[in-house]
Amino acid sequence: MPTRSEILDSLAASQEKVTAYFQGLSLKELERPCTASGVPGEAAWRAKDHFAHLAANERNIQILLRLMLNGETSLPGNLGAMSREERLAFANQRNQSYVNAHHDDSMEMLFADLAVARQETLNLLEQLTDEQLATQASISLAADRTAGDLFAANAQHAAMHMTWIEEGFRQGLQVE
C-alpha cells in the first residue's frame with residue numbers, strides 16, 4: 001500500500017509527465033487516430049481523446065473511493081449484477097460518450113478540466129486518514145486494492161494511455 005507521501009509524489013510526477021507528453025504532441029498528432037474505440041462502430045480515438053478521457057477516469061476513481069469510504073460493498077445501480085464483460089461494455093460506452101461529448105474541446109479546456117479533476121482527487125486524499133488509505137476496497141470491482149492503491153491508479157492509468165497512443169502511432173492505425 002503506498003503511503004500518502006508516495007501517492008502525492010506519484011500523482012505529481014504523473015501530472016508532470018502527462019503535461020509534458022501532451023504539450024509535446026503536434027496538432028496533427030493530437031488529431032491523428034491512434035487506437036480503436038472499445039465501442040463497435042465508433043470512431044477511432046485520437047491522442048486528444050485519450051487525454052480528454054483522463055479527467056473522466058480520475059473522477060470515476062473518486063466515485064469508487066467515495067463508495068468504498070461510505071461502506072458500500074457493491075457497485076451502484078445494476079452494475080453489481082452485471083458480468084465482467086457487461087461491465088466492460090458499459091465502461092467502454094461511458095468512456096466513448098465522454099470522449100464524444102468533449103470531441104471539439106480545445107486542449108486548453110481539456111488541460112483545465114484535468115487540473116480540476118486532479119485537484120478534486122487531492123482534496124479527497126486530504127480528507128482521508130492513513131488508516132483509511134490502508135483500508136481494503138470492499139467494492140467488487142476493486143476488491144483487491146486499498147484506497148491508497150486506487151489513488152495511485154490514476155498515475156498508472158495515464159501512463160497506460162500514453163503507451164497505447166505511442167503503440168498506435170507506430171502501428172499506423174488504419175481508419176475505415
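## Close-up views of a predicted model

**View 1. Q62 and its partners in contact.** Apart from its neighbours within four places in sequence, Q62 is in contact (heavy atoms within 4.5 Å) with A117, E120, T121 and L124. This is a predicted model, in which local features need pLDDT of at least 70 and side-chain atom pairs count only at pLDDT 80 or more, while totals for chains, interfaces and linings use all residues. Residues are numbered from 1 along each chain as its sequence is written, and side-chain values use heavy atoms, with hydrogens and water left out. Q62 lies in helix 3, where helices (H or I, at least four residues) and strands (E, at least two) are DSSP runs numbered from the N terminus. With a relative accessible area of 4%, Q62 counts as buried; buried means under 20% relative accessible area, exposed over 50%, and partly exposed in between, with a 1.4 Å probe and protein chains only.

**View 2. The whole protein, as a setting for the close-ups.** The protein has 7 helices and 2 strands, and along the sequence these follow the pattern α-α-β-β-α-α-α-α-α. Of its 176 residues, 42% count as buried. Among contacts between residues at least 6 apart in sequence, 75% join residues at least 24 apart. The protein exposes about 9,600 Å², of which carbon and sulfur atoms supply 54%, the areas coming from the Shrake-Rupley method with a 1.4 Å probe.

View 3. E58 belongs to helix 3, which spans residues 47-69, and its relative accessibility is 2%, so E58 counts as buried. Leaving aside neighbours within four places in sequence, E58 is in contact with L114, A117, R118, T121 and N154. Side chains of opposite charge can pair when their charged atoms come close. R118 and E58 form a salt bridge (a side-chain nitrogen of Lys or Arg within 4 Å of a carboxyl oxygen of Asp or Glu), and their closest N and O atoms are 2.6 Å apart. This pair links distant parts of the chain, with R118 in helix 5 and E58 in helix 3, 60 residues apart. Both R118 and E58 are buried.

View 4. A cavity here is a set of points, on a 1 Å grid over the protein atoms alone, where a 1.4 Å probe fits but cannot get out, and its lining residues have an atom within 4 Å of a point. Grid points are joined across faces, edges and corners, and a volume is the space filled by probe spheres set on the points. By this rule there is 1 cavity of 30 Å³ or more, and about 70 Å³ of space lies in the largest cavity. Its lining consists of S14, Q15, V18, L54, N57, E58, L114, R118, N154, H157 and A158. Two or more lining residues come from each of helix 1 (4-23), helix 3, helix 5 (107-127) and helix 7 (147-171). The lining divides into 4 nonpolar, 5 polar and 2 charged residues, where Ala, Val, Leu, Ile, Met, Phe, Trp, Tyr, Cys and Pro count as nonpolar, Asp, Glu, Lys and Arg as charged, and the others, Gly among them, as polar.

View 5. R46 forms a salt bridge with E31, the closest N and O atoms being 2.5 Å apart. R46 is in strand 2 (residues 45-46) and E31 in helix 2 (residues 27-31), so that pair links distant parts of the chain, 15 residues apart. R46, at 5% relative accessibility, is buried, whereas E31, at 32%, is partly exposed.

View 6. T35 lies in strand 1 (residues 33-35) and, at 15% relative accessibility, counts as buried. T35 and W45 are 10 residues apart in sequence, and their C-alpha atoms are 5.3 Å apart in space. E42 lies in the loop between strand 1 and strand 2 and is partly exposed, with a relative accessible area of 32%. Leaving aside neighbours within four places in sequence, E42 is in contact with S37, Q96 and N100. Although E42 and Q96 are 54 residues apart along the chain, their C-alpha atoms are separated by 8.0 Å.

Notes
On a 1 Å grid over the protein atoms alone, a cavity is a set of points where a 1.4 Å probe fits but cannot get out, and a pocket is an open set with protein on both sides within 12 Å along at least five of seven lines; lining residues have an atom within 4 Å of a point.
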